[in-house]
Each structure stands twice: as structure tokens, then as C-alpha cells.
Amino acid sequence: MLSLLASVSAAGASGIAGGSLLLIPLACSLFGIPDTISAQVIGVGFIIGVIQDSMETALNSSSDLLLTASAEFREWRREGKKIPF
């Protein structure tokens, strides 16, 4: 029963910004964890989510820059241009 409820809830929360945080009160109530603890877990999850999104954006941007630069250097090498280092 718990697995079925969790699956249906997760499907409903997918695609929503912070949707996984919506599942915390459900999970806490199923395990008998008080609402105050649930609220604290949501707060910590929100902070972790912001940090995770920032790190993910930084990683994506740096990898885009690296791949763009390597493609440009390869093009320069094909044209016989000197690559400045």
C-alpha cells in the first residue's frame, strides 16, 4: 500500500518545481513523524535544492565553454592557424 501511494504521489509531483519537497509531508505522516520535523526537513531540502541548482548551472556552463573552445581550436588547427597558449 505504501509503495502504491508513493508511486501515485511521485507521478503527481513530477514536473513541478520543488515537487519532491511536496512529498516530504506525505512521507513524514506515513511514518508518524511530527509536522514540525516535516517542516524543518522541507526547509533543509529547499536550501539544498537552491545550492544544487546553482552547482548544476555552473557545471553545465563550464562544460559548454570547454566543448565550444575545443571545437574552435580544432577548426583553427584544420585551417593551419596557430593556437595561442
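User: Which helices each supply at least two residues of the nonpolar patch?

Analyst: Start with the elements, then go to the residues. This is a predicted model. In it, helix H1 (2-13) and helix H3 (35-79) each supply at least two residues of the nonpolar patch.

User: Which residues make the nonpolar surface patch?

Analyst: Leu2, Leu5, Leu30, Phe31, Ile33, Ile37 and Val41 make the patch. Its area is about 580 Å².

User: Take Val41. Where is Val41 found?

Analyst: Val41 is found in helix H3.

User: How do I read its relative accessible area?

Analyst: Use the cut-offs. Buried means under 20%, exposed means over 50%, and partly exposed lies in between. Val41 has a relative accessible area of 37%, so Val41 is partly exposed. Patch residues need over 30%.

User: Is Leu4 buried or exposed?

Analyst: Leu4 counts as exposed because its relative accessibility is 56%. Leu4 is found in helix H1.

User: How many residues apart along the chain are Leu4 and Val41, and what separates their C-alpha atoms?

Analyst: Read the two values side by side. Leu4 and Val41 are 37 residues apart along the chain. Their C-alpha atoms are separated by 23 Å.

User: Now Ser38. Is Ser38 buried or exposed?

Analyst: Ser38 counts as buried, because its relative accessibility is 4%. Ser38 lies in helix H3.

User: Which residues is Ser38 in contact with, leaving aside neighbours within four places in sequence?

Analyst: Setting those neighbours aside shows contacts from elsewhere in the chain. Ser38 is then in contact with Ile24, Pro25 and Cys28.

User: On to charges. How many salt bridges does the structure hold?

Analyst: The structure holds one salt bridge. The side chains of Lys81 and Glu79 meet in it, at 3.5 Å from N to O.

User: Are Lys81 and Glu79 buried, exposed or partly exposed?

Analyst: Apply the cut-offs again. Lys81 has a relative accessible area of 47%, so Lys81 is partly exposed. Glu79 is also partly exposed, with a relative accessible area of 47%.

User: Last, the largest pocket. How much space lies in it?

Analyst: About 170 Å³. Next, look at the lining. It includes Gly18, Gly19, Ser20 and Leu21. Gly45, Phe46, Gly49, Val50, Gln52 and Asp53 line the pocket too. Then look at the elements. Helix H2 (19-30) and H3 give two or more residues to the lining.

User: Which element gives the most to the lining?

Analyst: H3 gives the most, with six residues.

Definitions and conventions:
Residues are numbered from 1 along each chain as its sequence is written. This is a predicted model: local features need pLDDT of at least 70, side-chain atom pairs count only at pLDDT 80 or more; totals for chains, interfaces and linings use all residues. Side-chain values use heavy atoms; hydrogens and water are left out. Patches are made of residues with over 30% relative accessible area and no salt bridge: like charges are joined within 9 Å, nonpolar side chains (Val, Leu, Ile, Met, Phe, Trp, Tyr) within 5 Å. Accessible areas come from the Shrake-Rupley method with a 1.4 Å probe; for residues, only the protein chains shown count as cover. A salt bridge is a side-chain nitrogen of Lys or Arg within 4 Å of a carboxyl oxygen of Asp or Glu. Helices (H or I, at least four residues) and strands (E, at least two) are DSSP runs, numbered from the N terminus. Buried means under 20% relative accessible area, exposed over 50%, partly exposed in between (1.4 Å probe, protein chains only). Contact means heavy atoms within 4.5 Å. On a 1 Å grid over the protein atoms alone, a cavity is a set of points where a 1.4 Å probe fits but cannot get out, and a pocket is an open set with protein on both sides within 12 Å along at least five of seven lines; lining residues have an atom within 4 Å of a point. Grid points are joined across faces, edges and corners, and a volume is the space filled by probe spheres set on the points.
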